[in-house]
Structure formats: structure tokens, C-alpha cells
Amino acid sequence: MEVRDIQNKEIWENFLLGCEEKTFLQSWNWGEFNKLQGNKIWRFGIYGNNELIGVVLINKLVARRGVFLSLPHGPVLKDKTKELKKEVLAVLLNKLRDIAKDEGASFIRISPPWKKNEENEAIFKNLNFKDSPLYLSPELMWELNISPSEEELLTGMRKTTRYLIRQAMKNQDIEISSSQKVEDLETFENIYQDTVKRHHFVPYSFKYLKNEFLSFQPDEQSLFFHGKYNGEVLYSALIIFWQNTAVYHHAATALKYPKIPVAYLAQWEMIKEAKRKGCKLYNFWGISPENNPNHPWTGLSLFKKGFGGYEIEFVKTKDFPLSWKYWPTYFFEKLRKTKRGL
């Protein structure tokens, strides 16, 4: 087994097309996004007997708390057997340690799209990985199979959600639109900042959101949606369409008219657009755990679950410490997690 560079987008994307456990955070265009952000990246293929059996996108992140290597929802493998995962991870770890040494990274942070179970957790434990104090990419997500008809999808929703969608459809003052223009980020940003003030979270920068949109735009994989009431934008979202899945990645809501269900109709229109684009799945992205009712995402998670679907849980994000510099980061992030109620 060996690790090699992959510099061909077609080879990368075609391999991922044949994999089940994956998200767009390992897509070719997410690598392009990281380059726009100024991050150094590596795209590796894992080969066994000269056959491509896995891919992994690695990002070098430079933060105030230090330099580390990031593997968001990677590596991605076709074969999900325990033995192969163990071998791939061991080979990959050797490569990562060499890169980390050259780049001055103090730790490796990895969050593969592998289902959470004792077997997968044991693979990391045996290689001396430890649970990360913060998640790297969502470990708990909500997904909906949108292959059924529109009427079947409506039937599968929570009664209240279905009622609010139908009420919104009757309201002629509500308008839902979509856009492929980067200029529409300004509309999103206005509502987004209002949401940040209300929920007191650390926002993504304008540059971050712009670069994400632009990275997927050439392949028509990014789309803004806006929901208006009486001509005023109350809801905005950025959706990523990748390999038969639509991802509800960023959204913002204004509460000027809290009883007007603009967000419900917008979500329904986004699901219908995903169906028109040939998507089979609609991923609502991260949700809060059931055992933490005080989690800051609890209200948003209830909203997402109202549309029907099922939970997906990946193994916890893991860290591999490489120097003493990791430990100040570990304790800082542990404190930050507690303060944020995560």
C-alpha cells in the first residue's frame, strides 16, 4: 500500500462517485476553496496493489493557537472493512507525520466519515489518537432521502412543518428566489449578521463565504436562495450541490415577522430544486445531540428534523499530538467548548 499525489480532478471525483460514506468536504472544489483561503493543501490517493482504494484531502491550517493538519471528513474509502481502515490509517499516519514535521504542525486533526461504533473508535485508539476537544466537521447530521414524490415527502414531514409550508404557499406576499450571482452574497450577509447578533456565535467571514461560493460556482454546484415577505428579505441560504446530494450549508433568518413562515417555504423550495437537479439526498448538515437540550443548535435542529429524514453519526473528531505545543491548544479549546455549551 502506498500514498501518491493526485492532480487530476476527473480521477478524484470519479473515485468519490463510487463511495457511499463521503461529504463535499473531500470534494475537489473544497480543495480549491482552501487554496483561495490561503491554506496549503495535499490531495492524496491511497493505492493497494496499484489500485486506487481511497482518497484524502489534507489542509494545513495556521491559527492563533498553532499550526495543524486538518482532514475534514476524510479519508474516504470504497471498502469499509475494519482491516482495510486500520491499514490505510497506519500508512496515512506515517505520511502525515512527515508532512507535519516539514510544515511545523503540532498536531493532526481528523474526522473521517465513518459510522460511530466501537469498531471504528478502537481503530483510532490503537493508533494512539485521542478525542479532540472540538469537532472539525459535523459528527452528527440530519439527512433526507428526496427520491420519493413531492406528495410523499410532504406526508413524511412533521404535521406542523407541513401546515406551515402550505400556509406559506397560500401567502402571495411571500416570494422565494434563487441566484447564481456572487453579488447576492451581500443579501445573505445582511441577514447573516443579524443572526450572529441574535445567537452570539462566531461568524464565518465575508471572504470565507465568498470563496466557498466561487469555488463551486464554475461547476454550477453553489446556489443562493432568498425568501422575501412584502419585498423584504427575511431568509437567505447557501446550498452546495455535489454528487447527487444537496447540502444546506449556511443559512440566516431575520425575525422581523416571526409568525411569517418564510423559512419553511424556502426550505421546501430548496428540496424541490435539489430534486430537479437529480439529487437523491438532502443533507441538513449539523444537528445537536438529543441528550443536550441546552445546546445552542437545539431550535435549529428541531426545524431541520421537521422535514423528515434520519440521523447520521460519524466517529468523534480525533487528534494526534506531535509536540508539547498541542496541549495549550487542547486546554484552550476544551474551555471554549464548555463556554459555548457544546
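**Ground rules.** The model is predicted, so I kept local features to pLDDT of at least 70 and side-chain atom pairs to pLDDT 80 or more, while totals for chains, interfaces and linings use all residues. I number residues from 1 along each chain as its sequence is written, and side-chain values use heavy atoms, with hydrogens and water left out.

**Entry: strand β2.** I started with β2, residues 40-48; strands here are DSSP runs of E with at least two residues, numbered from the N terminus. Is β2 enclosed or open? Eight of its nine residues are buried, so the strand is largely enclosed by the rest of the structure. Buried means under 20% relative accessible area, with a 1.4 Å probe and protein chains only.

**Entry: partners of β2.** I then looked up its pairing (at least two DSSP bridges between two strands). Strand β1, residues 2-5, runs antiparallel to β2 and is joined to it by four bridges. Glu2 faces Tyr47 of β2 as its opposite residue. With β3, residues 51-63, I found nine bridges, again antiparallel. There, Trp42 stands opposite Ile58. β2 and β3 make a hairpin with two residues between them, and Asn49 in the turn has a positive phi of about 55°.

**Entry: second largest pocket.** A pocket is an open set of points on a 1 Å grid over the protein atoms alone, with protein on both sides within 12 Å along at least five of seven lines; lining residues have an atom within 4 Å of a point. I noted a volume of about 510 Å³, which is the space filled by probe spheres set on the points, joined across faces, edges and corners. Of its 22 lining residues, Glu139, Pro289, His295, Lys316 and Lys337 lie nearest the centre. By class, I have ten nonpolar, six polar and six charged residues in the lining.

**Entry: cavity.** How many cavities of 30 Å³ or more does the whole structure hold? The search finds one. A cavity is a set of points where a 1.4 Å probe fits but cannot get out. The largest cavity holds about 30 Å³ of space. Its lining is Glu21, Pro75, Val76, Leu77, Lys80, Lys85, Pro113 and Trp114.

**Entry: Ser111.** I finished with Ser111, which sits in strand β6, residues 107-111. Ser111 is buried, at 2% relative accessible area. Beyond neighbours within four places in sequence, Ser111 has contacts (heavy atoms within 4.5 Å) with Leu71, Pro72, His73, Gly74, Leu136, Ser137 and Thr317.

Notes. Buried < 20%, exposed > 50% of the residue type's maximum accessible area, 1.4 Å probe, protein only. Nonpolar A, V, L, I, M, F, W, Y, C, P; charged D, E, K, R; others polar.
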